[in-house]
Amino acid sequence: MNQDELKKAAALAALEEIRALAPGAIIGVGTGSTVNHFIDALAGSGILLRGAVPSSEASAQRLAAHGIPLIALDEIGAGALPAYVDGADEIDSGFNMIKGGGGALTREKIVASVAHRFICICDASKKVATLGRFPLPVEVIPMARSQVAHEIARLTGGIPRWREGFVTDNGNHILDVSGLTITDPRALESDLNQIAGVVTNGLFARRGADVLLLATASGIERSERAG
Ligand code: 5RP
C-alpha cells in the first residue's frame with residue numbers, strides 16, 4: 001500500500017469509532033488529506049450525526065459539499081463533543097503530536113480541547129520516537145513575525161522559516177521551526193505560547209491524542225493512551 005492508501009485505511013478505521021457513538025452525536029473534524037478521506041467515507045457511511053464542528057474552512061467546505069451539517073463551536077454545550085477526528089504530522093509513544101502542516105493548528109487545538117476523545121488517524125510514517133524532524137508550525141500575528149522568529153531561535157536553537165504566501169483561516173502567518181529535538185513537548189508547548197505574538201504552536205502535548213489508529217502495511221494498529 002502507498003501512503004495515501006494507508007491514510008484512507010486509517011480514516012476508514014475511524015468510522016467504526018464514530019459508529020459506536022450515540023446516534024445524533026456531534027463530532028469534531030480536523031484538517032488534511034487523511035481527514036479528507038474520513039469526510040468522504042463518513043458521507044457514505046449511513047452514520048446518523050447531528051453534524052460536525054470543522055477545524056478549518058477547507059474541511060467545512062468538504063463537509064458541506066457532502067451535505068453534512070456544519071455546527072459552530074459556539075452553538076454546542078459543554079461536553080457535547082464526544083469525539084474529534086484528526087491527523088498528525090508526527091506522533092510519539094506518549095501520544096504527543098506535531099500538527100499544523102496544513103496550517104489549521106489553532107482551530108484544531110480549540111476544537112480538540114473541548115472534545116472528550118481525540119482520535120488520531122495516521123499512516124505509519126507519522127509515528128516517531130522523538131518529535132521534531134517535522135518542522136514545528138507556529139501561528140503568529142503578522143506584525144510580530146520577525147520578533148517572534150528571533151525569540152524562538154534564541155529560546156530553542158531551532159531555525160524558524162516563514163511559510164511565505166500562506167495566510168491562516170484566522171488571518172495570521174506561520175513560522176515552521178526546523179532543527180528541534182523535542183524531549184519535553186509539554187514544556188516547549190507552554191514556553192512557545194508565552195512569546196508575545198504567538199497565537200499557538202503545533203505541539204499537541206497538553207491535549208494529546210487519546211486513541212491512535214495507525215495504518216501499517218500489515219493492518220491497523222489501534223492503541224489508547226494510558227490513564
Ligand atoms: C493540518 C494538520 C494535519 O492533521 C496534518 O498536517 C496531517 O496532514 P495529512 O493528513 O495531510 O498528512 O495538522 O493542520
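1. A polar side-chain atom of Thr34 lies 2.6 Å from an oxygen atom of the ligand, a polar contact in the sense of two N or O atoms within 3.5 Å. On its own the ligand exposes 380 Å², and the protein buries 91% of that (Shrake-Rupley areas, 1.4 Å probe).

2. A word on the source: this is a predicted model, where local features need pLDDT of at least 70 and side-chain atom pairs count only at pLDDT 80 or more, while totals for chains, interfaces and linings use all residues. Residues are numbered from 1 along each chain as its sequence is written, and side-chain values use heavy atoms, with hydrogens and water left out.

3. An N or O atom in the side chain of Asp86 is 3.4 Å from an oxygen atom of the ligand, and a polar backbone atom of Ala104 is 3.2 Å from a ligand oxygen.

4. As for the fold, the protein chain has six helices and 13 strands (DSSP runs of at least four and at least two residues, respectively). The C-alpha trace spans about 50 × 40 × 35 Å along its principal axes.

Note on methods:
A polar contact is a pair of N or O atoms within 3.5 Å; within protein, one must be able to donate a hydrogen and the other to accept it, and residues adjacent in sequence count only if both atoms are side-chain atoms.
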